[in-house]
Amino acid sequence: MATLEIKDLHVAVAASDEDGGTEGFKQILKGVDLTIRDGETHAIMGPNGSGKSTLAYSIAGHPKYTVTQGSVTLDGVDVLSMSVDERARAGLFLAMQYPVEVPGVSVANFLRTAKTAIDGEAPKLRTWVKDVNAAMEQVKMDTAFAQRSVNEGFSGGEKKRHEIVQLELLDPKVAVLDETDSGLDIDALKIVSEGVNRFKANADKGVLLITHYTRILRYITPDFVHVFVDGRMVEQGGPELADELEAHGYDKYVTAKA
Amino acid sequence: MRDALEVPEGSQVVSHLNPPASYDLADHPAPTGREEVWRFTPLKRLRGILDGEASDASLTWTTSLPEGVTMSTITAQEARDLGELGPNERPAALAVANAGGAVLVDVPAELVADEPLVIDLSGTSADDLVWGHLVFRVGHHAEVTIVVTHTGSARYCATTSYLVGEGAQVDVVSLQDWDDDAVHLGRDAISVGRDARVKHTSISFGGDLVRMHANVSYAGPGGESELLGLYFADEGQHLEHRLFVDHDAPRTQSNVLYKGALQGKGAHTVWIGNVLIRKVAEGIETYEENRNLVLTDGCQADSVPNLEIETGEIEGAGHASATARFDDQQLFYLRSRGVTEQEARRLVLHGFFHDLIRKVGVPSLEERLTATVEEELSKNVFRADHVAPVDQPTVAAEAGA
């Protein structure tokens, strides 16, 4: 089973990081409540600057963000007291909007090191190479990518596919996808969506899909849609809420706030 | 009469970046330390090299020459007549004046060497003052890899010219793997022939003070140069690399990447990347990059890219310089995949150097370089108590507060 529970989450960032201010901390998340249970896919939609990505990075433990209040638990275990790598080993995965380039570290080495860390033992060599190749082929990535440096010189679409390869191989309990759809052409969007759907089809998996646009929701059907404005959820509903957002945009929520 | 080099009327541009070439010592007075080209160098630690005393001490030469390559001794005047690049600073001028002639290594035209041309130079004592003057002449369309290594100890001051003929392909590696007390002032000056390709890699690990120049100019259009560097400064070491790429012909290219790491009190590295694009040099492309990784407190990495452009008709010109501790984004990315912080650091460091080592392209050296880097790293960074703290409080720690 896998239940990610976020309660009353408040997150701040050092103001100087954002706008050179000297005021100390700037509050970005202002009380987020969200529970993702087994087999559920939640979409969080919101305008730019609403704090969607902050939520994703806070769950993963990025040092830039400081939790000032609230809790995050995975199957009842406190996530916030874990280091970044402990969270990953506990079963959380963050597919990043801008995957980082790591020059000189091959994809093959990276994947094997990560898999070893997650499983606590090195994968069996014979099946592992097959698994890696299969995961790459499923997202239509040439297996030659395994010998290239992590994300270095990859196109935007290749970076996102590489994230999906990792999702497939590392097999977390809960996947947080931060604007995985941004910058993808329609073919890449379909390939990436299929990867997420394969992951979803496994038992006991949770998905948190953060997106600005509705188009990825044509390929990945969410069970719940949340509208996120100014650091908190302002509306929740089923997939039909996405259609409404598609038709009317975020104006209603942004104006209501102002 | 001044002994400045003769240059065609109008082509002599006095670059702000580099003094003009001259064999006349009077044109290269002893520095005070305030000069732009000397301000980073601790002159005292040159241990009198710049006084220019005569000396007949020498290094031990061990050579491995591919078939067809010859080695001979020529006079300084003959070296000059071959068209070597004249000295543009005092150490090179002193080396020419004091070496008593040059060693000429000849790679005949169209020779394709299967084995690298290796010259191992080794000294026995830092009390020995050794002057060196070398000329490598690579004939047109030849293909050769030249490896020059420096080990042991000496006070060594040398100038080396690489005269690369039309269409030739040359890989040069200069390895400074000296003992702790060595002092080395070196200048590698490369003339890239029309449509020739040269890769020059300078690697400095050892020595108390190492100051290496890599100068490139183009004898015709279409030449390409790639200048790579790798250095690792430990406690008290001064490692300085100064580049000057003189785009003096059209449609030429240069690509510079130097990577270095520093650890220990007083470790000091200097990287100066000067690129001059002359008026005649239309359609050229240049990019230079220097990355430094600071592993402990108490180190200093100076990094100065300079781009001087006299024509607007270029394909591209750019530079980048970064000096940092570990890249927090890289560490976060790896850790978000479950990799522990220590293992993530190891991967990033490995990658940092491997990225450059694999570009050197001399398989026989790669293993040695990787091993040396490993050895350097093991001195410090894998011992957790010596690892410089990364400014990276965990969210958990903050949340608990």
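How many bridges join strand 1 of chain A to strand 2 of chain A, and in which direction do the two run? The points below take up this question and then move on to the rest of the complex.

1. In this predicted model, strand 1 of chain A, which covers residues 4–14, is joined to strand 2 of chain A by nine bridges, and the two strands run antiparallel. One place where the pairing can be followed residue by residue is Val13(A), which stands opposite Lys26(A) of strand 2 in chain A.

2. These two strands of chain A belong to an open sheet of four strands, whose order is 2-1-4-5 and whose pairing is antiparallel. Strand 2 (25–36) and strand 5 (77–78) of chain A each have a single partner strand and stand at the edges, so one side of each has no neighbour in the sheet.

3. Chain A also holds a helix that is mostly covered, namely helix 2 (residues 52–60), in which nine of nine residues are buried. The buried residues of this helix include Leu55(A), Tyr57(A) and Ile59(A), but also Lys52(A), Ser53(A) and Thr54(A). Helix 2 of chain A is followed by Gly61(A), which has a positive phi, near 95°.

4. As for confidence, the predictor gives the complex an ipTM of 0.95 and a pTM of 0.78. Chain B has an average pLDDT of 90, and 90% of its residues score at least 70. Two stretches of chain B call for caution: over residues 1–12 the pLDDT stays under 50, and the model has 10 contacts beyond four places in sequence for them, while over residues 382–401 the pLDDT also stays under 50, with 35 such contacts in the model.

5. Where do the two chains meet? The contact between them takes 29 residues from chain B and 30 residues from chain A. On the side of chain B that touches chain A, the elements giving two or more residues are helix 3 (328–335), helix 4 (341–360) and helix 6 (395–400) of chain B, and the largest share, 10 residues, comes from helix 4 of chain B. The residues on this side of chain B divide into 12 nonpolar, 10 polar and seven charged.

6. In its overall form, chain B has six helices and 16 strands, and its C-alpha atoms fill a box of roughly 75 × 50 × 45 Å along the principal axes. A compact globule of 401 residues would have a radius of gyration near 21 Å, and chain B agrees with this because its own value is 21 Å. Buried residues make up 48% of the 401 residues in chain B. Of the contacts in chain B between residues at least 6 apart in sequence, 85% join residues at least 24 apart.

7. Chain B is divided into domain 1 (25–324) and domain 2 (328–401), whose C-alpha centres lie 29 Å apart. Their contact takes 19 residues from domain 1 and 17 residues from domain 2 of chain B. On the side of domain 1 that touches domain 2, two or more residues each come from strand 5 (143–164), strand 6 (169–176), strand 8 (197–204), strand 10 (224–233) and strand 12 (253–262) of chain B. The residues on that side of domain 1 of chain B divide into 11 nonpolar, four polar and four charged.

8. Which residues of helix 2 in chain B are buried? They are Arg90(B), Pro91(B), Ala92(B), Ala93(B), Leu94(B), Ala95(B) and Val96(B); because seven of the nine residues of this helix (residues 90–98) are buried, helix 2 of chain B is largely enclosed by the rest of the structure. What covers these buried residues includes helix 1 (76–81), strand 4 (117–138), strand 5 and strand 7 of chain B. Just after helix 2 of chain B, Gly100(B) takes a positive phi of about 70°.

9. A last point concerns Arg194(B), which lies in the loop between strand 7 (183–192) and strand 8 of chain B. Arg194(B) counts as partly exposed because it has 19 C-beta neighbours inside 10 Å, and a residue needs 20 or more to be buried. Beyond its neighbours within four places in sequence, Arg194(B) is in contact with Glu166(B), Ala219(B), Gly220(B), Pro221(B), Gly222(B) and Gly223(B). The C-alpha atoms of Arg194(B) and His140(B) are separated by 9.3 Å, although the two residues are 54 residues apart along the chain.

Methods: Residues numbered from 1 in each chain as written. Chains lettered and ligands numbered in written order. Predicted model: local features only at pLDDT ≥ 70, side-chain atom pairs only at ≥ 80, totals over all residues. Pairing = 2+ DSSP bridges. pLDDT = per-residue confidence, 0-100. Contact = placed C-beta atoms within 7 Å. Nonpolar A, V, L, I, M, F, W, Y, C, P; charged D, E, K, R; others polar. Domains from an automatic or database assignment. Rg over C-alpha atoms; globule rule 2.2 N^0.38 Å. Buried ≥ 20, exposed ≤ 12 C-beta atoms within 10 Å, placed from the backbone.
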